[in-house]
Amino acid sequence: MNGTRSIAVVGGGLTGLAAAHHLGELIEAKQLPIEVTLFEASSRVGGVFGTLHIDGHIVETGADSFITNKPWAADLCKRLGLEDQLISTNSEYQRSFILYEGRPVQTPDGFELLVPRKLRALLSSPFLSPQGKLDVANEAFVPPRTDEADESLADFTRRRFGQEMLDRIVQPMVGGIYTANPEHLSMQATLPRYVNMEREHGSLLRAVWQERTSSEQDGSGGEMDPPSGISGARYGLFASLKDGMSTLLDVLEQRVRSIARVELESPVLSVAPQSSGWYRVTTSGGEASTFDGLILALPAYRSGQLITEWDTSLAERLSQIPYASSAILVSAHNLSDIEHPLNAFGLVIPHQEKRKVLAVSFLSRKFKGRSPDGTIQLRTFIGGAMQPELFERDDASLIAMVREELRDILGVRGEPLFHHLARYERAMPQYHVGHLDLVADIERREAEHRGLALAGNAYRGVGVPDSVHSGEQAAARVFNELAIG
Ligand SMILES: Cc1cc2nc3c(=O)[nH]c(=O)nc-3n(C[C@H](O)[C@H](O)[C@H](O)COP(=O)(O)OP(=O)(O)OC[C@H]3O[C@@H](n4cnc5c(N)ncnc54)[C@H](O)[C@@H]3O)c2cc1C
């Protein structure tokens with residue numbers, strides 16, 4: 001490599017920070033003269049997440065935790081020296097509720113997103129009618145689909161377990177994660193594990209039984225079977241940081257600043273390739289600079305807007321990834337003001353219940369040390385793809401609406417100790433049926449532009465670990481392209 005090279009990272013959310021940080025690691029390891037500049041539109045880095053400290057409460061305004069069976073976020077924490085800060089969920093409250101006919105009912109023991117690992121627990125729960133239970137038990141005899149094409153979560157669940165199981169359990173549990181409409185959500189892009197279970201075993205129930213039998217035979221103790229009393233999402237796999245998620249951002253930002261120029265309040269207006277093989281990056285102040293490599297760590301539609309003048313068809317495909325908007329109202333309360341014992345991590349709400357909130361997470365039950373003794377912190381989710389009209393309400397009306405719902409559903413009385421409303425407009429990408437084909441097409445077109453990488457949660461995973469991974473992969477790709485030529 002002759003002479004100093006330069007790379008621009010556009011977007012200072014978690015993806016952009018992870019990309020810039022990994023560039024620093026690669027530059028140091030290979031001792032190459034490459035300069036990195038990170039452009040962030042707002043006055044702070046971190047994008048859709050951050051932590052506030054209010055009256056002894058640790059308040060997460062966006063993401064509150066991350067899954068650890070995808071290793072990339074936990075690995076990054078370790079590389080940043082934050083291993084001793086990682087905390088796991090509080091086993092005392094490791095269960096969840098689903099609203100059923102207006103009241104919270106515990107999720108059947110062993111239920112995992114889409115599959116009842118303990119069939120008897122589901123069959124003895126009140127969620128399904130006798131016919132609904134029969135439909136679930138019959139899953140073992142439903143022939144597998146032979147067609148390899150993608151399918152929606154709703155079609156998959158209906159086909160295998162019946163409509164009631166979809167409406168009463170799967171829609172709220174999975175919808176809660178993706179803030180999505182199950183009629184559109186792609187099975188292959190979001191839950192490929194269950195597609196494979198059907199392909200390999202012919203049935204999800206039979207897959208679970210076979211896993212159990214072989215683990216009993218090989219003495220592994222039935223690892224696939226959650227311990228009794230554990231239900232809901234796989235909470236045992238979730239981690240956070242002792243003083244809040246923004247510890248990760250703060251340390252990451254410090255490291256990034258030691259290897260890169262960080263330009264805050266610098267929204268990029270356009271990027272354009274030059275005949276010399278450079279990218280010209282123009283910010284809102286009208287300033288333009290050129291770079292050898294370019295990482296766009298932005299929501300897909302924003303990346304599309306930046307490149308629309310020089311690759312219309314790539315821009316058009318990027319705009320085809322839809323997004324949902326949601327809001328989170330964090331509120332803190334004295335436990336004595338709440339009738340429900342809140343002895344769980346949270347509550348999800350089926351669309352069928354016709355309520356005005358999607359889910360309520362009991363944050364200070366999920367992680368110890370989030371709120372002072374005798375108080376509790378609730379995070380109530382509103383909007384998403386199923387109720388976009390509620391996101392449009394003004395702040396006062398949203399807050400009044402949530403308070404009314406919390407009173408009705410959980411018996412939350414009196415004034416909260418405080419509340420904080422965070423709005424996330426078009427922040428949650430929706431992986432619709434056919435998403436993986438669309439992404440493969442985007443990646444093919446992206447590869448035609450040497451030195452360009454698209455990164456973020458729009459493509460191959462929506463969570464914190466996916467964002468880290470996407471940023472790091474983009475960094476490695478652009479770095480390697482520059483390093484070899
Ligand atoms: C409400 C909510 C709750 C979530 N909870 C969880 C959770 O509990 N666990 C989990 O694993 N995941 C969760 N996620 C997902 C996770 O937080 C995201 O996947 C991740 O933070 C996305 O980071 P990002 O950097 O890709 O995007 P963003 O955070 O959107 O960052 C993009 C950045 O680019 C900047 N930008 C935009 N346009 C420009 C421009 N033209 N020029 C320069 N900069 C620009 C923006 O200001 C922003 O800082 C949640 C997401 C949301 C919205």
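Of the 485 residues of the protein chain, 47% count as buried, a residue being buried if 20 or more other C-beta atoms lie within 10 Å of its own, exposed if 12 or fewer, and partly exposed in between, with C-beta atoms placed from the backbone. The model is predicted: local features need pLDDT of at least 70, side-chain atom pairs count only at pLDDT 80 or more, and totals for chains, interfaces and linings use all residues. Residues are numbered from 1 along each chain as its sequence is written.

The protein chain has 17 helices and 22 strands; these are DSSP runs numbered from the N terminus, helices being H or I with at least four residues and strands E with at least two. The radius of gyration of the protein chain, 23 Å, is close to the 23 Å that the globule rule gives for 485 residues, so the chain is as compact as a globular protein of that length. This radius is taken over C-alpha atoms, and the rule is 2.2 Å times the number of residues to the power 0.38. The C-alpha trace spans about 70 × 55 × 45 Å along its principal axes.

An open sheet of 7 strands with mixed pairing runs in the order E8-E7-E18-E19-E20-E17-E21; two strands pair if DSSP finds at least two bridges between them. Strands E8 (103-106) and E21 (418-429) are at the edges with a single partner strand each, so one side of each is left without a neighbour in the sheet. Within the sheet, E19 (residues 359-362) and E20 (residues 375-383) pair in the antiparallel sense over 4 bridges, and Ser 361 stands opposite Arg 379 in E20.

Around the ligand there are 36 residues, of which Gly 11, Gly 13, Gly 47, Ala 63 and Gly 463 come nearest; a residue is near a molecule if its C-beta atom, placed from the backbone, lies within 6 Å of it. Helix H1 (14-30), strand E17 (323-334), E21 and helix H17 (464-484) each give two or more residues to this shell.

Most residues other than glycine have a negative phi.
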